[in-house]
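Reader: I have this one open on my screen and would like to go through it with you, a piece at a time. Could you take my questions as they come?

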There are 2 protein chains.
Amino acid sequence: MSPPPTIAQQLAAKQREISVAEFFERNRQILGFDNPSRALLTTVKEALDNAVDIGEEARILPDVLVEITKEGEDRLRVAVTDNGPGILRKEIPNVFARLLYGSRFHSNRQARGQQGIGISAAVLYANLTTARPAHIVSKVEEDEAAHVLDLFIDTQKNQPRVASEDLVLWDRPHGTRVELVIKARYQRGRQSPYEYLRGTAIVNPHARLVLVEPDGTRVTFERAAQELPALAQETLPHPYGLELGELGHLLKSTKRPTLGEFLAKDLAGVSPRAVKEVLERSALGARSDPGAVQGEAQERLLGALHQVPLVAPSADCLSPIGPLLIKRGLRNVLGDLRPDFFAPPVSRPPKVHAGFPFLVEVGLVYGGGLPADQPVQILRFANRVPLLFQQGACAITNAISNLDWRRYGLDQKGGSGLPVGPAVLLVHVASTKIPFTSEAKEAIAEDPEIDKELTLALQAAARHLRTHISRQSRRAFASEKFAIIQRILPKLAEKTSHLLDKPVPDLTPVITRIMDVVNVDTSVAATPASVGVGVEVTNYTPRARVLELFVEIPPNEFALATFDPAPDGTEAGLGRAWWTLPKLGPNARAKLALTFPPKTDLEANDLDWYVAGIDEAHVLGADPLPGDWDVRLPRTIIEAAESAAAEEAAATAEPEVDYDAAESSASPSDDE
Amino acid sequence: MSPPPTIAQQLAAKQREISVAEFFERNRQILGFDNPSRALLTTVKEALDNAVDIGEEARILPDVLVEITKEGEDRLRVAVTDNGPGILRKEIPNVFARLLYGSRFHSNRQARGQQGIGISAAVLYANLTTARPAHIVSKVEEDEAAHVLDLFIDTQKNQPRVASEDLVLWDRPHGTRVELVIKARYQRGRQSPYEYLRGTAIVNPHARLVLVEPDGTRVTFERAAQELPALAQETLPHPYGLELGELGHLLKSTKRPTLGEFLAKDLAGVSPRAVKEVLERSALGARSDPGAVQGEAQERLLGALHQVPLVAPSADCLSPIGPLLIKRGLRNVLGDLRPDFFAPPVSRPPKVHAGFPFLVEVGLVYGGGLPADQPVQILRFANRVPLLFQQGACAITNAISNLDWRRYGLDQKGGSGLPVGPAVLLVHVASTKIPFTSEAKEAIAEDPEIDKELTLALQAAARHLRTHISRQSRRAFASEKFAIIQRILPKLAEKTSHLLDKPVPDLTPVITRIMDVVNVDTSVAATPASVGVGVEVTNYTPRARVLELFVEIPPNEFALATFDPAPDGTEAGLGRAWWTLPKLGPNARAKLALTFPPKTDLEANDLDWYVAGIDEAHVLGADPLPGDWDVRLPRTIIEAAESAAAEEAAATAEPEVDYDAAESSASPSDDE
């Protein structure tokens with residue numbers, strides 16, 4: 001008789017391997033299948049993201065049909081059909097019914113799906129909750145017929161099980177249809193499939209998306225752009241943020257015969273000069289065998305790679321949303337609410353986190369009909385995919401909460417947390433690898449590099465906001481002053497003149513002396529024939545002015561503009577034009593007109609106006625010529641500004657003659 | 001020459017399997033290794049949780065040493081040594097260097113670790129960031145020597161690789177030591193290893209934990225309890241919340257020959273009567289082969305299991321923290337801040353989510369030195385493990401934010417979001433399976449059943465808070481009134497009497513008429529010899545009263561109490577005692593004393609006092625006999641209360657004689 005097992009033996013007997021499918025079957029909340037309504041959204045999301053990804057890869061403008069129909073009390077049938085290239089028969093089972101299997105995990109370029117989990121997770125959820133197989137139809141162009149497969153996942157092995165198979169004729173040249181029956185609940189509004197499709201359509205205007213809701217409602221998001229976005233290119237791993245273990249894998253698996261070639265050709269950003277410097281610093285030979293660089297030497301190599309200045313990652317592995325679509329995205333959620341202010345969208349240059357290139361974009365709108373007493377609304381996107389859940393766990397939300405928005409004109413209790421005010425923020429993070437907090441891909445994890453870029457981008461947007469708010473309040477103050485002066489002064493003058501039985505004097509000198517400001521007033525008028533921008537520059541100062549007016553227009557729109565009068569100079573590549581205005585006496589006005597083709601996507605504040613020839617304190621509606629601003633000005637304007645400033649200084653030093661004359665001829669305020 | 005590959009073929013060529021280790025190496029943020037300081041905490045957490053789990057399973061009081069030492073500029077060595085039973089040589093590589101391998105995933109009882117990922121994830125992180133192996137020492141009692149292994153994870157295969165191996169003598173009878181060199185940063189304060197050990201010690205007082213910090217500081221959390229908590233028992237899956245797929249797995253893998261036996265013996269909560277009803281409803285025979293119950297029949301069976309009333313899950317698979325430790329946990333974070341109020345800890349009965357039993361506990365303290373202008377502090381625990389990260393993503397936080405705390409006396413903007421006020425909330429969820437939002441196990445995912453229980457538990461605690469706040473304000477109001485009356489009335493009477501040259505009258509009838517309240521004053525005095533509770537009941541009403549006094553004490557403490565005078569009745573199991581007080585005339589007072597052994601863990605408000613024989617509006621410092629309260633009262637008291645109420649009603653109808661007499665003899669307020 002053998003002795004009874006010891007405690008260590010008893011415990012050992014319980015040790016077992018856990019299949020990844022078993023693990024996720026039990027932890028389906030990690031994949032985004034917490035509850036019936038979220039499960040529906042996750043299913044739609046995984047299928048739709050795949051359809052848009054495959055379209056981009058195969059260079060086919062995506063046309064995706066999402067059909068949701070009722071299948072029983074708490075069951076829905078979700079069918080997503082795309083016009084992609086189709087999937088080869090032998091790959092179908094693995095693609096749809098095996099977790100951790102896919103084409104994008106090992107590639108290094110921006111894509112929506114990267115994990116090889118998503119759609120198989122939805123199949124797992126369908127198998128689990130309704131015991132129904134995934135029904136897949138797929139046809140490649142070369143084949144006559146489409147393959148039809150019913151698939152289960154064998155969770156204990158994480159392997160596909162084909163329940164049935166057939167060939168059918170399909171009325172599409174190529175494409176894939178995935179059909180799942182799941183335990184789910186349909187809802188409208190926030191976090192709904194509609195919301196997800198809308199968000200996807202906004203930042204993917206090259207896709208045509210159709211949603212059929214359970215009640216038969218059919219919503220079509222038409223294609224707004226006929227061109228596919230540039231295909232994000234595969235890139236090499238960038239040494240910044242690379243860990244020792246990752247460098248070890250690369251050194252071990254490279255096919256380059258020498259370390260020098262490995263550095264130059266297997267890594268991104270390492271120039272020939274940098275290769276030399278890295279090798280020197282790490283005291284390694286260019287001809288060493290990469291696989292032999294281990295232990296201590298490997299650490300020295302990584303240290304050198306982190307110290308030597310490298311070229312920043314190329315942007316062509318990334319696919320930003322871009323200023324135009326950021327504005328469209330914001331306008332879309334605004335509906336009928338007309339904000340006062342669209343901040344120029346911010347796009348940061350690519351940086352690296354953990355070896356992966358990424359970039360951050362931010363859009364901001366403010367004011368108008370937006371609610372002033374609620375936290376700002378946040379629209380989060382990652383790799384052109386809207387993030388609808390887990391806002392509280394996301395690095396984007398954290399970066400917003402950690403900024404002191406009180407400095408930029410929004411309310412914020414204690415200077416942290418979500419700011420309160422009439423604003424919407426759109427934030428997009430694009431990367432060859434987004435660090436999500438979980439497999440459900442709904443929140444971005446904290447990363448110091450990403451956080452830094454988020455903060456810089458948010459600050460840039462916030463500075464625009466601050467400028468707008470302070471301009472707004474200056475303008476409000478000035479127009480109040482204006483109104484009072486123009487209402488009261490003439491009456492006062494009339495009454496006094498009447499009492500003294502004298503003619504009513506010319507009030508211009510008085511008004512200009514009190515106002516003492518040059519006002520630049522911009523208005524945009526869109527007609528079916530054109531989009532016109534009118535500018536009026538009025539000299540409400542008591543002396544004559546020679547002013548230089550300067551405008552900055554987004555370069556795309558600039559190319560379409562015609563100017564009246566013609567500018568004295570332009571810099572079309574930067575979207576800049578400038579004029580020397582005719583000398584304006586007190587109360588005199590100059591006008592300019594810009595005309596754009598009809599339907600040009602332009603807001604009044606897309607145009608930035610600058611004025612030279614006058615001190616900052618005396619300009620309203622335009623900015624003074626920038627000091628610390630990052631705007632390169634043509635020499636003529638800078639000279640004009642300098643001479644104007646000198647003239648101004650001289651004028652302030654000794655008062656002008658006609659200035660005193662104006663004062664002595666009529667000074668009603670003395671009589672008051 | 002073969003034709004060029006089609007697009008579908010090109011895409012197919014890229015499809016590859018992804019190893020789970022590769023996946024997590026690239027997505028280490030999902031495992032809690034986002035950045036160097038969080039990586040340290042996660043490493044400590046995984047090793048410590050294992051050590052405490054193994055102690056409980058092997059019935060050994062855990063003694064765990066956590067040593068953190070500096071190993072280079074951004075590197076730390078973490079060594080965790082336990083006194084557990086040790087691990088057999090053949091299991092060591094898999095336990096420490098293979099993801100998704102473990103003993104607790106397939107078991108169905110409460111444990112800290114359940115995923116088979118944790119400690120291997122820390123090893124993966126060490127391999128990745130410092131290219132160093134995990135150094136494991138383990139000895140089982142039967143062996144002379146300890147096994148020492150250096151382990152790497154082969155990420156492409158998710159398999160352990162033994163780099164070196166040895167046998168050494170070790171000065172411990174049994175135990176395990178895991179030593180990792182990781183890229184990490186040590187920090188003190190919030191989210192630090194110290195914080196984690198402290199949190200763990202509080203709710204696991206049977207463990208002795210020692211922390212050695214990088215600067216050599218040694219902190220010992222001594223064992224506060226000499227008994228292991230009851231071992232949570234394995235339980236069977238409960239049909240509530242079970243999905244079709246899960247039922248299918250169970251039916252397929254059962255060894256029971258008939259469906260009847262399967263229902264009775266493989267599922268929890270199905271009584272023989274329920275078996276019969278389930279079979280009837282689903283129109284299935286008791287003798288059917290379980291494996292043959294498929295498709296439609298399986299759906300009917302699940303439907304019946306969800307409809308037929310079943311026995312709630314047994315609590316013995318769960319290990320709650322309990323009221324005593326909840327209070328200790330709260331007291332611990334309070335430090336020197338003395339709150340006014342400890343709400344009686346709330347513990348909900350076990351419920352089921354997705355087939356897994358769970359329960360919710362809540363503790364709350366309020367007032368005193370806690371900051372009144374900040375959001376309430378939240379202490380989250382899951383299966384006796386403190387949760388330090390991802391508060392914003394946690395179902396606990398959501399449940400707190402979704403409750404309208406304004407109704408319970410805390411500030412809250414718009415009635416949602418974190419409430420503001422001087423309060424600390426401790427919330428514990430215990431389950432055989434906690435649905436975490438990610439593998440890092442730092443936040444609990446949304447689940448309707450868990451959310452419901454969280455809300456009910458929070459509401460119960462909040463009701464205690466509301467009662468306290470309203471009592472506090474009533475008491476404040478009454479004592480102000482008292483102070484004014486007792487200061488002014490005698491002076492007024494004295495002055496008036498002096499003016500009229502008459503003797504100062506007895507003010508009792510006047511004072512009692514103005515106060516018109518019975519005051520119950522409780523005080524706790526702890527001496528080295530005993531903890532005494534004194535109660536004074538004073539009749540500040542103008543008529544004689546026969547009152548019943550009733551006290552509720554936590555049953556554990558009740559057993560220790562001696563009473564003076566002896567109560568007229570007790571219900572020891574519920575911790576209740578009651579007295580009929582001698583008839584009290586106006587201004588008369590009765591005293592009671594309760595004595596507990598020295599060091600009894602008792603706060604003044606652990607005792608709940610109720611008074612019968614008088615209307616609610618006329619009692620201060622105690623509650624009236626409950627109407628909607630969930631307190632079952634002995635019949636005698638209910639009868640006394642009813643007759644008192646009737647008497648009161650009669651008295652109110654016709655004013656008492658001496659009441660009027662008192663008024664006519666001296667009524668200073670009329671003179672004012």
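Reader: Which residue is the bridge partner of Phe342(A) in strand 14 of chain A?

Author: In this predicted model, Phe342(A) has Val365(A) as its bridge partner in strand 14 of chain A. Phe342(A) belongs to strand 11 (residues 341-342) of chain A, which is joined to strand 14 by two bridges and runs antiparallel to it.

Reader: And which residue stands opposite Val346(A) in strand 14 of chain A?

Author: That is Val362(A). Strand 12 (residues 346-347) of chain A is joined to strand 14 of chain A by two bridges, again in an antiparallel arrangement.

Reader: How many bridges join strand 13 of chain A to strand 14 of chain A?

Author: Three bridges join them, and the two strands run antiparallel; within this pairing, His353(A) has Phe356(A) as its bridge partner. Strands 13 and 14 of chain A form a hairpin with two residues between the strands, and Ala354(A) takes a positive phi near 45 degrees there.

Reader: What about strand 17 of chain A, how many bridges join it to strand 14?

Author: Nine bridges join strand 14 of chain A to strand 17 (residues 423-431) of chain A, and these strands are antiparallel too. Gly363(A), for instance, has Leu426(A) as its bridge partner in strand 17.

Reader: Changing topic to the two chains, how many residues of chain B are in contact with chain A?

Author: There are 61 residues of chain B in contact with 63 residues of chain A. Several elements of chain B give two or more residues to this side, including helix 2 (20-26), helix 5 (118-130) and helix 7 (244-253), and helix 1 of chain B gives the most, with six residues. By class, that side of chain B has 24 nonpolar, 22 polar and 15 charged residues.

Reader: Which strand of chain B is joined to strand 4 of chain A?

Author: Strand 1 of chain B is joined to strand 4 (residues 101-102) of chain A by two bridges, and the two run antiparallel.

Reader: What rotation superposes chain B on chain A?

Author: A rotation of 179 degrees, with 0.0 Å of shift along its axis, superposes chain B on chain A with an RMSD of 0.4 Å. That is the relation of a two-fold axis.

Reader: Where is Asn158(A) found, and is it buried or exposed?

Author: Asn158(A) is found in the loop between strand 6 (146-154) and strand 7 (159-168) of chain A. It has a positive phi of about 50 degrees although it is not a glycine, and Asn158(A) is buried, with 22 other C-beta atoms within 10 Å.

Reader: Which peptide bond of chain A is described as cis?

Author: The bond from Asp564(A) to Pro565(A) is cis, with omega near 0 degrees. Pro565(A) is found in the loop between strand 21 (562-564) and strand 22 (569-571) of chain A.

Reader: Before I rely on any of this, what pLDDT does chain A average?

Author: Chain A averages a pLDDT of 86, and 92% of the residues score at least 70. Over residues 627-634 of chain A, however, the pLDDT is below 50, and it stays under 50 over residues 651-672 of chain A as well. For the complex, the predictor gives an ipTM of 0.78 and a pTM of 0.79.

Technical notes
Residues numbered from 1 in each chain as written. Chains lettered and ligands numbered in written order. Predicted model: local features only at pLDDT ≥ 70, side-chain atom pairs only at ≥ 80, totals over all residues. Contact = placed C-beta atoms within 7 Å. Helix = DSSP H or I, 4+ residues; strand = E, 2+ residues; numbered from the N terminus. Nonpolar A, V, L, I, M, F, W, Y, C, P; charged D, E, K, R; others polar. Pairing = 2+ DSSP bridges. Least-squares fit on C-alpha atoms with pLDDT ≥ 70 in both. pLDDT = per-residue confidence, 0-100. Buried ≥ 20, exposed ≤ 12 C-beta atoms within 10 Å, placed from the backbone.
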